[in-house]
Amino acid sequence: MVGREPSGSREVAGADREAPASRGGDAGDKPASPRRGAADPVKALMHRHRELCERAVDPLEIAAGLEAHGITDRTAARFRHRDVFSLAEEMYARASRDGDASPPPAPAAPRVRAAWVLLTLLPGALCAAAVTAAHLTHGRTRLVVAAAGALAVALALRAALRRGPLSRTDAGRPGPRPGAAPGRTTPWTLWLAAYALLGNGLLLSALSGGPDALPTGAADGPWPVTVAPVLALTLACAPAAWTAHLLTARARRRLASSRGLEDFAAAVRPLLLGSFTLFLGVLAALLTLCAAILGESAAYPEALTLGALLFLARLLTVHGFTYAPAVVLTAAATLQASALALVFTSRLPGCGFLATPVDTLVTAWGAGSVPALVCGAAALALLVHATRKLTRASAHAPAEPDR
């Protein structure tokens, strides 16, 4: 980044390197304090983050960048500042005074593009077409149509998640941060969607000694299929993208107007909770509509909790927090699979007691209580995590260019 650092840069670099690499920056690692005799440790820090200082339009943007690189209030104390924002204010003032060029314009909110708007509408349209075709066919033809429709919807969802507000690769998104842990969510998301379609019917059939046949695609078959929640969830892909876009645009505006990290967090928290509530309201309306058209139960508890879980997991993933969604989705899918496994395992000699917890739960509250409890607990855990992570300025500030 710089050809040669001054002597103070080498002496204070350890303080920046030893700050936690994660985005939270709350770890207990104690960064090394600058050596006594370092002429200007803040100037050395500015050299290390020169691009950030040059393009920043206000101190909060520098504070967000420092936070993203693991600089905490404890680290700022080593530079004789009470917190990260105070340190960022000095860096901004000195960069503005020393810089020759005028500061660049504030980062604009992401624009609405026709490409991602159409892509987010595609999964719901294809799912509706597949459901219609399945209702017009019978027997083996229905199974072929259902399989082809499921593949088409999966490909459409993959395309929708690669562009626009639900994508991590869009140029306008913050993107992954230094130290972001990798996580795979696709297999578990597919499992949760498949359980919403087939799981309740399989669980009821297993508890009664079945299933005696493969699913026929009908709600009244030997292995009942629940279509309304899945159709509503695919249709909700577009509202999810719009809600995520709204959250990002409003957070960017707050980033430009807030005067501190705590001020920004207090302003963004209601935006996050409001966006989450808005999405759930739209999903509930879609569930009501799909259930009325298909003549099925809306299955509000399990569908709303699953929608909340997937929406929060995607929001966190979009902003670079991939580890928690992967862990929580894995746990939710594992618990659902375990409920089915316990029922089938209980058929072995001497193992009948294994099905007692699941049987008691289903008898009291129905088959939908299993995914509702599992996804509800998982969604609550991600909501708490999101209110901590997505209210940080570093979650919404543009990523610092690669050096």
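Visitor: Which helix gives the most to the lining of the largest cavity?
Guide: H9 gives the most, with four residues, where helices are DSSP runs of H or I of at least four residues and strands are runs of E of at least two, numbered from the N terminus. This is a predicted model, in which local features need pLDDT of at least 70 and side-chain atom pairs count only at pLDDT 80 or more, whereas totals for chains, interfaces and linings use all residues. Residues are numbered from 1 along each chain as its sequence is written, and side-chain values use heavy atoms, with hydrogens and water left out.

Visitor: Which helices each supply at least two residues of that lining?
Guide: Helix H9 (186–207), helix H10 (228–235), helix H13 (300–318) and helix H16 (369–389) do. The lining has 13 residues in total, and Tyr195, Ala196, Glu302, Leu306 and Pro371 are the ones nearest the centre of the cavity. A cavity is a set of points on a 1 Å grid over the protein atoms alone where a 1.4 Å probe fits but cannot get out, and a lining residue has an atom within 4 Å of a point.

Visitor: And what volume does the largest cavity have?
Guide: Its volume is about 110 Å³, taken as the space filled by probe spheres set on the grid points, which are joined across faces, edges and corners. The count of cavities of 30 Å³ or more comes to one.

Visitor: How do the lining residues divide into nonpolar, polar and charged?
Guide: Nine are nonpolar, three polar and one charged; Asp, Glu, Lys and Arg count as charged, Ala, Val, Leu, Ile, Met, Phe, Trp, Tyr, Cys and Pro as nonpolar, and the others, Gly among them, as polar.

Visitor: Changing topic, is Ala332 buried or exposed?
Guide: Ala332 counts as buried because its relative accessibility is 2%, where buried means under 20% relative accessible area, exposed over 50% and partly exposed in between, with a 1.4 Å probe and protein chains only. Ala332 sits in helix H14 (residues 323–345).

Visitor: What is Ala332 in contact with, leaving aside neighbours within four places in sequence?
Guide: Ala332 touches Leu192, Leu309, Val374 and Ala378, contact meaning heavy atoms within 4.5 Å. Although Leu192 is 140 residues away from Ala332 along the chain, their C-alpha atoms are separated by 8.0 Å.

Visitor: How many residues has the largest nonpolar core?
Guide: The largest core has 56 residues, and those with the most contacts inside it are Leu192, Leu283, Leu309, Leu315, Leu382 and Leu390. Such a core is a set of buried Ala, Val, Leu, Ile, Met, Phe, Trp, Tyr and Cys residues joined through side-chain atoms within 4.5 Å.

Visitor: Where does Ala299 lie?
Guide: Ala299 is in the loop between helix H12 (261–294) and H13, and has a positive phi of about 50 degrees although it is not a glycine. Ala299 counts as buried because its relative accessibility is 11%.

Visitor: And where is Gly320 found?
Guide: Gly320 belongs to the loop between H13 and H14. From Gly320 to Ala395 the C-alpha distance is 7.7 Å, with the two 75 residues apart in sequence.

Visitor: How many helices and strands are in the chain?
Guide: The chain has 16 helices and zero strands, and buried residues make up 49% of its 403 residues.

How values were computed
On a 1 Å grid over the protein atoms alone, a cavity is a set of points where a 1.4 Å probe fits but cannot get out, and a pocket is an open set with protein on both sides within 12 Å along at least five of seven lines; lining residues have an atom within 4 Å of a point.
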